[in-house]
Amino acid sequence: MFPRDFAWGAGTAAYQVEGGWQADGKGLSIWDTFCHEKGRVFGDQNGDVACNSYKLWEKDLECIQQLGLTHYRFSLSWSRLLPDGTTGHVNQKGVQYYNKMIDDLLACNVSPMVTLYHFDLPQALQDQGGWKSPSIVRLFDSYAKFCFQTFGDRVKLWITINEPYVCAKLGHEDGIHAPGFKEPGILAYLVGHNMLRAHAMAWHTYNTVFRSKQGGRISLAINSDWCEPLDADCNEDIAATECYLAFTLGWFAWPLFVTGDYPETMRSAIDAQSKRFGHSGSSRLPNFSKHEPSILGTADFFALNYYTSRKIRPGEGCGSVMCMKSDRDAAEVLDPSWPICGVPWLAIVPNGLRKLLKYIKDTFNNPAVYITENGFSQVGALLIEDIQRAQFYKDTILEVAQATQEDGVDVRGYFAWSLLDNFEWADGFSVRFGLFHVDFDDEKRRRTMYQSGREYAKIILHHKLGQ
């Protein structure tokens with residue numbers, strides 16, 4: 001069903017699992033600061049300890065081996081490596097921790113996929129403007145270069161930035177993620193722009209300095225729902241769907257894979273509304289400078305995070321992607337026939353992933369694709385025998401197989417989210433995505449495999465054996 005070298009993985013992110021928030025010289029991140037402010041996170045919970053993976057890495061490795069993974073995706077904590085965000089002070093304890101992780105994985109024949117940035121900017125850099133500041137681009141490039149130099153001899157798959165859309169919108173538009181800003185219609189575009197610039201600069205650094213010796217590949221992880229018109233025969237619904245895709249998936253994929261610039265639908269809508277609402281000077285959507293390295297082509301594969309699907313219809317004042325409501329005049333709805341899992345926004349639509357993969361193939365010049373996140377959550381009463389989620393993995397991986405075999409999509413790997421129940425950002429520990437349950441009331445943070453984990457392990461073994 002899948003090629004022998006297909007990547008079977010699971011993922012985590014540093015702040016969500018590591019804990020050790022002040023251990024061994026680590027600096028503060030924006031999530032450390034955000035979580036310690038009252039009312040920011042469900043139950044005022046935080047990631048101070050989380051899964052305690054900083055101390056219990058060997059337990060995580062046992063989970064990885066039990067699943068039979070060929071790949072493990074994890075992120076580096078920028079502030080654990082560089083406490084003030086700069087290479088002026090390197091925390092060797094942090095370097096040792098990640099060196100051990102990488103070496104242990106390779107010793108078990110598990111390949112690391114390493115994310116440089118998964119939402120946890122050093123607070124010291126936030127104090128200097130964070131992702132709003134143009135200077136963040138060179139600071140990120142310096143951090144990336146340090147990581148390539150330090151770990152790149154063993155890491156062959158890199159993600160620069162995870163889900164820039166989420167960081168831009170939820171962190172700088174809605175205020176529900178760190179750093180918690182609410183600046184409607186302006187700030188998210190600027191943040192997204194600087195993230196694309198930072199990614200491109202890091203890609204060019206890798207390409208010119210490290211690629212010939214290290215032989216790795218590098219990309220940006222883009223999250224996207226699949227969406228389709230509420231009424232497939234309605235031109236207005238079709239146009240709204242195209243606009244929705246431009247303002248979400250296209251926002252970051254179009255510059256990398258198509259033109260080196262934002263989708264024209266997005267550019268024209270924002271430019272028009274910028275004038276309408278009296279914004280002086282240039283558009284709220286920045287332009288890429290001709291004096292900087294090109295954005296186009298700075299992705300060696302398409303890294304896709306997919307969770308759910310939506311139906312789209314036009315809707316004035318429905319709440320656009322960027323809060324300037326007329327930028328993108330579309331309303332999203334969940335199909336009532338889709339079962340909802342755990343959280344209200346997450347409908348279970350495995351075939352939406354197949355449709356999205358086909359769309360990516362057709363729209364972005366048939367790139368190699370790694371599905372870098374996919375899963376669904378459990379809330380409320382704990383169910384170790386999570387039958388529904390076990391079936392979800394079977395159904396979803398079958399859809400991926402059909403995308404490769406019948407639709408010709410070049411899918412290279414699938415990473416379940418997540419290896420462990422962990423700190424799920426604003427939802428704290430109330431939402432569980434893990435293949436392993438973590439008992440957060442237990443000082444030892446005992447890990448127990450869910451039925452879904454056992455099912456995923458069976459699927460992996462089945463394909464390893466070529467059955």
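**Salt bridges and cavities: a first look**

Colleague: What is the relative accessible area of E58, and how is E58 classed?

Modeller: E58 has a relative accessible area of 38%, so it is partly exposed. With a 1.4 Å probe and protein chains only, buried means under 20%, exposed over 50%, and partly exposed in between. This is a predicted model, where local features need pLDDT of at least 70 and side-chain atom pairs count only at 80 or more, while totals for chains, interfaces and linings use all residues. Residues are numbered from 1 along each chain as its sequence is written, and side-chain values use heavy atoms, leaving out hydrogens and water.

Colleague: Which side chain does E58 meet in a salt bridge?

Modeller: That's K100, at 3.6 Å from N to O. E58 lies in helix α3 (residues 57–67) and K100 in helix α5 (residues 92–107), so the pair ties together parts that are 42 residues apart in sequence. Helices (H or I, at least four residues) and strands (E, at least two) are DSSP runs numbered from the N terminus. K100 is partly exposed too, at 38%.

Colleague: How many salt bridges are there?

Modeller: The count is 26, taking a side-chain nitrogen of Lys or Arg within 4 Å of a carboxyl oxygen of Asp or Glu. One of them joins D32 and K26, with the closest N and O atoms 2.8 Å apart.

Colleague: And are D32 and K26 buried or exposed?

Modeller: Both are buried. K311 and D335, which form a salt bridge at 4.0 Å, are buried as well. Shared partners join E228, K311, D335 and K355 into one network.

Colleague: New topic: how many cavities of 30 Å³ or more are there?

Modeller: Two. On a 1 Å grid over the protein atoms alone, a cavity is a set of points where a 1.4 Å probe fits but cannot get out, and lining residues have an atom within 4 Å of a point. The largest cavity has a volume of about 70 Å³, where volume is the space filled by probe spheres set on the points, joined across faces, edges and corners.

Colleague: Which residues lie nearest the centre of the largest one?

Modeller: A14, Y15, K26, S77 and R80, out of 13 lining residues.

Colleague: What about the second largest cavity? How much space does it hold?

Modeller: About 60 Å³. Its lining includes A14, D60, Y72 and M101, and strand β2 gives the largest share, three residues.

Note on methods: On a 1 Å grid over the protein atoms alone, a cavity is a set of points where a 1.4 Å probe fits but cannot get out, and a pocket is an open set with protein on both sides within 12 Å along at least five of seven lines; lining residues have an atom within 4 Å of a point.
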